[in-house]
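User: I have a structure open here and would like to talk through a few of its features. Could you go through them with me?

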Amino acid sequence: ARVDDDEVTNYMINLSNALEETRKERFIGWYHGHPFDVETYSHCFLSGMDISTQLAWQINLDAKWVAIVVDPLRSLAKQEPQFGAFRCYPPQFSPPANECPDGTIVLD
């Protein structure tokens, strides 16, 4: 059975707050895997559901919250870790003209 998103969010917020009160560590993000077939391209990406989840964490816990996606089958096939780390732009974000996601500027 799928756990309600609000229930998970509230649990993570409460756990994060409790951790900060008792330890010097804190959560910096979450990870999960996309174990699809081994193909020529990586499965390290954020799905639509992942983007919604990531934005909720960034808004509710920390704007610097990180999502890590692991491609376990491709990692095994290549004999090295295959993963990506992501953050999402907030919905109101308007990027500068001609700026790519990596921050480079493309001149026309």
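User: Which residues are exposed on the other side of α2?
Analyst: Gly 48 and Ile 59 are exposed there, bearing in mind that this is a predicted model.

User: And which residues of α2 are buried?
Analyst: The buried residues of α2 are Asp 50, Gln 54, Leu 55, Trp 57 and Gln 58; seen down the helix axis, they fall within an arc of 160 degrees, so they line one face of α2.

User: What span should α2 have, and how far apart are its ends?
Analyst: Helix α2 covers residues 48-60, and at 1.5 Å a residue its 13 residues should span 18 Å, which agrees with the 18 Å between its end C-alpha atoms.

User: Switching to rings, how many aromatic pairs are there?
Analyst: Searching the whole structure gives 2 aromatic pairs. In one of them, the ring centres of Trp 57 and Trp 65 are 6.0 Å apart with the planes at 45 degrees, so that pair is tilted, and both Trp 57 and Trp 65 are buried.

User: Why does the pair of Tyr 89 and Phe 93 count as stacked?
Analyst: Because the ring planes of Tyr 89 and Phe 93 are at 0 degrees, with the centres 4.3 Å apart, and planes under 30 degrees apart count as stacked. Tyr 89 is partly exposed at 46% relative accessibility, and Phe 93 is partly exposed at 36%.

User: Which residues form the nonpolar patch on the surface?
Analyst: That patch is formed by Tyr 31, Ile 68 and Phe 83, which together have about 360 Å² of accessible area. Ile 68 lies in strand β2, residues 66-70, and is partly exposed, with a relative accessible area of 31%.

Methods
Residues are numbered from 1 along each chain as its sequence is written. This is a predicted model: local features need pLDDT of at least 70, side-chain atom pairs count only at pLDDT 80 or more; totals for chains, interfaces and linings use all residues. Side-chain values use heavy atoms; hydrogens and water are left out. Patches are made of residues with over 30% relative accessible area and no salt bridge: like charges are joined within 9 Å, nonpolar side chains (Val, Leu, Ile, Met, Phe, Trp, Tyr) within 5 Å. Accessible areas come from the Shrake-Rupley method with a 1.4 Å probe; for residues, only the protein chains shown count as cover. A salt bridge is a side-chain nitrogen of Lys or Arg within 4 Å of a carboxyl oxygen of Asp or Glu. Helices (H or I, at least four residues) and strands (E, at least two) are DSSP runs, numbered from the N terminus. Buried means under 20% relative accessible area, exposed over 50%, partly exposed in between (1.4 Å probe, protein chains only). Rings of Phe, Tyr and Trp (its six-membered ring) pair if their centres lie within 6.5 Å; planes under 30 degrees apart count as stacked, over 60 as edge-to-face and the rest as tilted. The expected span of a helix is 1.5 Å times one less than its number of residues. The arc is that of the directions from the helix axis to the C-beta atoms.
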